[in-house]
Amino acid sequence: MKPKQIIKIVIDILMTIALLLLMAYSLIGEAAHEVLGIGMFTLFILHHVLNNRWSRNVFKGKYTPFRIWQTVLVFLSLSSMIGSAISGIVISHHALTFLPIYGGTSWARTLHILSAYWGFVFISLHIGLHWGMMMNGMKRMLKKSSAVRSWIVRIIGGLIAGYGVYAFFKRDIGSYMLLKIQFVFFDFEEPLIFFLLDYIAVMGLFVFIGHYLSLALRKLSRMKNK
């Protein structure tokens with residue numbers, strides 16, 4: 001594997017970990033949340049720099065159903081990340097207090113909640129786009145394919161996605177996405193690991209949806225090209 005590809009994988013893993021921890025917000029502390037947010041945004045920029053070939057070709061070539069879906073997800077993820085960054089700067093109480101910014105905390109908090117929860121979904125769907133490629137990479141590393149192993153992975157994925165549906169409603173994520181609840185509530189007596197496991201399951205749900213939707217769109221694209 002080429003060094004650039006290894007760096008890409010490491011950055012993507014770090015972004016995924018940072019995203020999950022950022023959703024924990026008050027459970028990890030406001031100061032840690034702000035530092036992690038800055039780190040996440042930095043990794044996001046590096047991710048796009050390392051994948052600049054895709055960006056250069058965004059206005060070139062034919063747009064298949066899959067490519068339209070991919071492009072829409074990229075721009076939605078980018079928009080949510082920018083929204084999180086701008087609103088985070090405005091409401092910062094620790095890492096960025098040296099900036100001469102006053103007022104605007106009300107709209108910034110609203111934007112931050114919307115950007116954070118929608119961004120979590122968009123990025124999870126985006127991971128689903130590339131899940132097949134990641135699994136193929138794992139198969140090449142193992143140097144031996146196995147139908148049994150493939151089905152076990154699918155079943156585990158389905159179980160995680162199933163629990164993710166339950167966790168999605170348990171954590172009121174839809175309410176935050178639709179601003180039915182404008183303040184995020186945390187149970188400070190709950191161990192952090194339980195919170196993270198639920199959010200990993202929700203992420204798994206949208207990765208699952210993104211993966212199988214992408215497979216369907218790729219198949220549709222091939223059918224249109226016949």
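Author: What follows starts with the chain as a whole, goes to the salt bridges, and ends with the rings and loops around them.

This is a predicted model, in which local features need pLDDT of at least 70 and side-chain atom pairs count only at pLDDT 80 or more, while totals for chains, interfaces and linings use all residues. Residues are numbered from 1 along each chain as its sequence is written, and side-chain values use heavy atoms, with hydrogens and water left out.

The chain has 9 helices and 0 strands; helices (H or I, at least four residues) and strands (E, at least two) are DSSP runs, numbered from the N terminus. Along the sequence the pattern reads α-α-α-α-α-α-α-α-α. The radius of gyration is 19 Å, close to the 17 Å that the globule rule gives for 226 residues, so the chain is as compact as a globular protein of that length. That radius is taken over C-alpha atoms, and the globule rule is 2.2 Å times the number of residues to the power 0.38. Along the principal axes, the C-alpha atoms fill a box of roughly 55 × 40 × 35 Å. Of the 226 residues, 36% count as buried, where buried means under 20% relative accessible area, exposed over 50%, and partly exposed in between (1.4 Å probe, protein chains only).

Now the charged pairs. Side chains of opposite charge can pair when their charged atoms come close. The rule used here asks for a side-chain nitrogen of Lys or Arg within 4 Å of a carboxyl oxygen of Asp or Glu, and the count comes to 3 salt bridges.

Lys170 pairs with Asp198, with 2.9 Å between the closest N and O atoms. Because Lys170 lies in helix H7 and Asp198 in helix H9, this pair ties together parts that are 28 residues apart in sequence.

Arg171 forms a salt bridge with Glu190, the closest N and O atoms lying 2.5 Å apart. Here the link joins distant parts of the chain, from Arg171 in the loop between H7 and H8 to Glu190 in the loop between H8 and H9, 19 residues apart. Arg171 is buried, with a relative accessible area of 13%, and Glu190 is buried with 16%.

Asp198 is joined to Arg171 as well, the closest N and O atoms being 2.9 Å apart. With Asp198 in helix H9 and Arg171 in the loop between H7 and H8, the pair ties together parts that are 27 residues apart in sequence. Through shared partners, the salt bridges join Lys170, Arg171, Glu190 and Asp198 into one network.

The loop between helix H7 (147–170) and helix H8 (173–177) also holds Asp172. Asp172 is not a glycine, yet its phi is positive, about 60°. Most residues other than glycine have a negative phi. Asp172 is partly exposed, with a relative accessible area of 34%.

The whole structure contains 10 aromatic pairs, in which rings of Phe, Tyr and Trp (its six-membered ring) have centres within 6.5 Å; planes under 30 degrees apart count as stacked, over 60 as edge-to-face and the rest as tilted. Phe120 and Tyr199 have ring centres 5.6 Å apart and planes at 70°, so the pair is edge-to-face. Phe120 lies in helix H5 (residues 105–129) and Tyr199 in helix H9 (residues 192–225), so this contact ties together parts that are 79 residues apart in sequence. Both residues, Phe120 and Tyr199, are buried. Ring pairs link Tyr25, Phe120, Phe186, Phe195 and Tyr199 into a cluster.

Of these, Tyr25 sits in the loop between H1 and helix H2 (30–50). Tyr25 has a positive phi, near 35°, in a residue other than glycine, and is partly exposed at 25% relative accessible area.

Two arginines make contacts with rings. The charged end of Arg154 sits over the ring of Trp151, 4.8 Å from its centre, and that of Arg218 sits over the ring of Phe66, 3.9 Å from its centre. Such a contact requires NZ of Lys or CZ of Arg within 6 Å of the ring centre and within 35 degrees of the ring normal.
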